[in-house]
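Trainee: I would like to go through this model with you, one packing question at a time. Shall we start with the sheet and what lies on it?

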Amino acid sequence: MFSSLPTPVEMSGWDQAAINDIGIRGDILMENAGREATATLLKEYGPVKNKSVLIISGSGNNGGDGFVIGRHLADLGAEILILHTAPKNKYKGEASYHLKLAVKSGVQLKYFRITDKINIPESDIIIDALLGTGFDNELRPFAKAVVDAINKAKQRSFVLAIDIPSGLNGLTGKPHPVAVNAHATVTFEAAKVGLSLPEAKPFTGNLIVKKIGIPSKVKEDHPVAHYLINDKIFDQLPSLTPTMHKGTSGHVLIIGGSIGLTGALQLSGLGALRAGAGLVTLACPAGLASQVKTYMPELMTMGLGSGDHWDDQAVEELLPLLENYDAIAIGPGLGRAEGAMNLVEAIVSAGHPPAVFDADALYALSRRSHLLISIDENSIFTPHPGEMGRLVNKSIAEVEDSRIETAHQYAVSKKVILVLKGAGTVIGCPDGKIVISPISAPNLAVAGSGDVLAGIIGALLAKGIPAMQSACMGVYLHGKCGLYLKKNFPHRGNLASEIANSLPEVLKEELC
């Protein structure tokens with residue numbers, strides 16, 4: 001359901017625990033890493049016999065991996081040159097051990113002096129083992145010049161990055177200020193947080209994770225705070241039974257709609273139905289009910305009040321009915337009028353079934369922040385970066401610059417499940433856990449896409465799936481729809497309704 005995404009510090013903790021607590025020698029782990037990297041190169045590039053391979057080894061353990069790789073590739077008939085950035089006698093521990101093995105094995109090594117003019121020899125393959133995941137500062141001039149030289153050589157050489165492209169921050173996935181643009185990156189035991197973020201993709205190329213022998217007990221004893229959604233999330237879906245009927249498949253109430261924004265309510269309802277809800281009711285002002293119902297006979301409508309705006313009468317009629325539903329989603333097309341905000345306040349104050357707060361419901365909560373202390377802990381907020389900015393009083397740029405931290409802090413402080421939408425959607429949980437979607441799909445960047453997502457999550461809640469799993473599954477399923485639509489809409493142009501309508505096809509591909 002979730003794959004561990006250690007931070008660089010947590011990964012280092014796994015290494016040390018494997019060495020100190022279990023007793024696995026560090027030089028064995030390094031040997032395993034180098035062997036797996038070699039196997040990855042053979043798979044990604046092909047045979048290396050008589051190929052020229054340049055390995056740039058830094059002064060730390062990443063450089064030690066480079067020494068192991070050089071030895072294995074030399075045994076396969078490659079012509080190896082290792083440029084090491086520290087004098088041989090400055091290498092310590094496992095890196096020193098494997099450097100000596102490389103020397104004894106006849107591998108050609110050359111000291112890459114800082115004072116040297118940066119000159120990358122022409123090679124068929126370049127192995128970037130300069131800096132590891134511990135890098136979290138600005139590249140020094142020499143290292144930056146080396147990275148620039150590797151990137152320039154990429155036009156003629158296959159570039160494989162070891163553990164992480166040099167210059168990339170393992171926590172944020174951002175270059176500082178530049179990073180190696182690899183054809184492929186092999187990382188060990190688990191992808192680090194930064195490598196899984198969309199910002200890292202242009203630098204990592206094809207990201208491959210290889211196991212190096214960290215025992216499961218180490219991971220269990222030292223759990224991480226960040227996780228990646230995987231296909232096992234679908235195991236949370238209830239099994240279909242021969243006797244099921246619409247009443248046992250979940251009844252979702254979607255509350256919203258205002259003048260000019262009735263389509264949002266329809267899209268959310270369509271998302272809920274296509275995600276498998278047995279019944280979906282759309283609650284809106286009575287004067288808009290006919291518009292909401294148009295062309296959607298499968299959706300039931302609940303007209304409230306007597307006009308086309310949310311008013312006190314509409315609120316009074318709605319509140320006693322909330323307990324009749326398995327889940328609610330509030331916000332699609334709701335509008336920002338005073339009556340709409342009064343509605344949100346009344347629902348929060350009165351209590352409600354498991355709920356998704358989306359769109360204009362989040363606007364109301366940003367304007368009436370005193371309501372946040374009354375929000376049920378199983379509630380799910382689904383803001384885009386602009387809505388998130390209003391909730392935390394930050395600009396969109398500030399939110400985007402710290403997506404993980406923003407989601408984490410808000411979810412923990414407000415005790416809600418926070419779905420910060422965007423490429424690589426981030427889900428923050430009240431217990432501090434962060435879950436990241438591995439999917440970035442441009443086909444989802446269309447008006448109404450978020451409304452569909454709110455309906456999907458509402459349908460999952462209505463099936464009785466716990467809130468955190470519903471949020472993660474909804475995000476992942478929505479993302480899979482974006483990838484599915486790319487097949488027929490490679491340059492986008494799909495509609496939000498097509499996202500919803502692709503849900504059954506995506507579920508068929510995933511579950512059948």
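Trainee: At about what angle to S14 does helix H16 run?
Mentor: This is a predicted model, where local features need pLDDT of at least 70, side-chain atom pairs count only at pLDDT 80 or more, and totals for chains, interfaces and linings use all residues. Residues are numbered from 1 along each chain as its sequence is written, and side-chain values use heavy atoms, with hydrogens and water left out. Helix H16 (residues 449-462) lies across strand S10 (251-255), S13, S14 and S15. Its angle to S14 is about 165°.

Trainee: How are helices, strands, axes and contacts set here?
Mentor: Helices (H or I, at least four residues) and strands (E, at least two) are DSSP runs, numbered from the N terminus. Axes are lines fitted to C-alpha atoms, for helices over the stretch in contact, and angles run from 0 to 180 degrees between N-to-C directions. Contact means heavy atoms within 4.5 Å. So the helices and strands come from DSSP.

Trainee: Which strands are the edges of the sheet?
Mentor: The open sheet has 11 strands, with mixed pairing, in the order S1-S9-S18-S17-S16-S15-S14-S13-S10-S11-S12. Two strands pair if DSSP finds at least two bridges between them. Each edge strand pairs on one side only: they are S1 (2-4) and S12 (300-304).

Trainee: In S15, which residue is the bridge partner of Phe357?
Mentor: Strand S14 (residues 355-357) pairs with strand S15 (residues 380-381) in the parallel sense, over 2 bridges. The partner of Phe357 in S15 is Phe381.

Trainee: How many residues of H12 are buried?
Mentor: H12 lies across strand S13 (327-330), S14 and S15, at about 75° to S14. Cover for its buried residues includes S13, helix H11 (338-350), S14, S15 and H13. Buried means under 20% relative accessible area, exposed over 50%, partly exposed in between (1.4 Å probe, protein chains only). By that cut-off, the buried count in H12 is 7 of 8 residues.

Trainee: Is H12 roughly parallel or roughly perpendicular to H13?
Mentor: Helix H12 (residues 360-367) and helix H13 (residues 385-392) pack at about 15°, with axes 8 Å apart. Angles under 35 degrees count as roughly parallel, over 145 as roughly antiparallel, 65 to 115 as roughly perpendicular and the rest as oblique. Therefore H12 and H13 are roughly parallel.

Trainee: Which residues of H13 make the contact with H12?
Mentor: H12 brings Leu362, Tyr363, Leu365, Ser366 and Arg367 to the contact. From H13 come Glu387, Arg390 and Leu391.

Trainee: Which residues of H13 are buried?
Mentor: H13 is mostly covered, with 6 of its 8 residues buried. What covers them includes H12, helix H14 (396-401), helix H15 (403-414) and strand S16 (417-420). The buried ones are Pro385, Gly386, Glu387, Met388, Gly389 and Leu391.

Trainee: Is H17 roughly parallel or roughly perpendicular to H19?
Mentor: The axes of helix H17 (residues 467-486) and helix H19 (residues 503-511) come within 9 Å. They cross at roughly 100°. So H17 and H19 are roughly perpendicular.

Trainee: Where does Ala74 lie, and which residues does Ala74 touch?
Mentor: Ala74 lies in helix H3 (residues 61-75). At 30% relative accessibility, Ala74 counts as partly exposed. Not counting residues up to four places away in sequence, Ala74 touches Ile80 and Val107.
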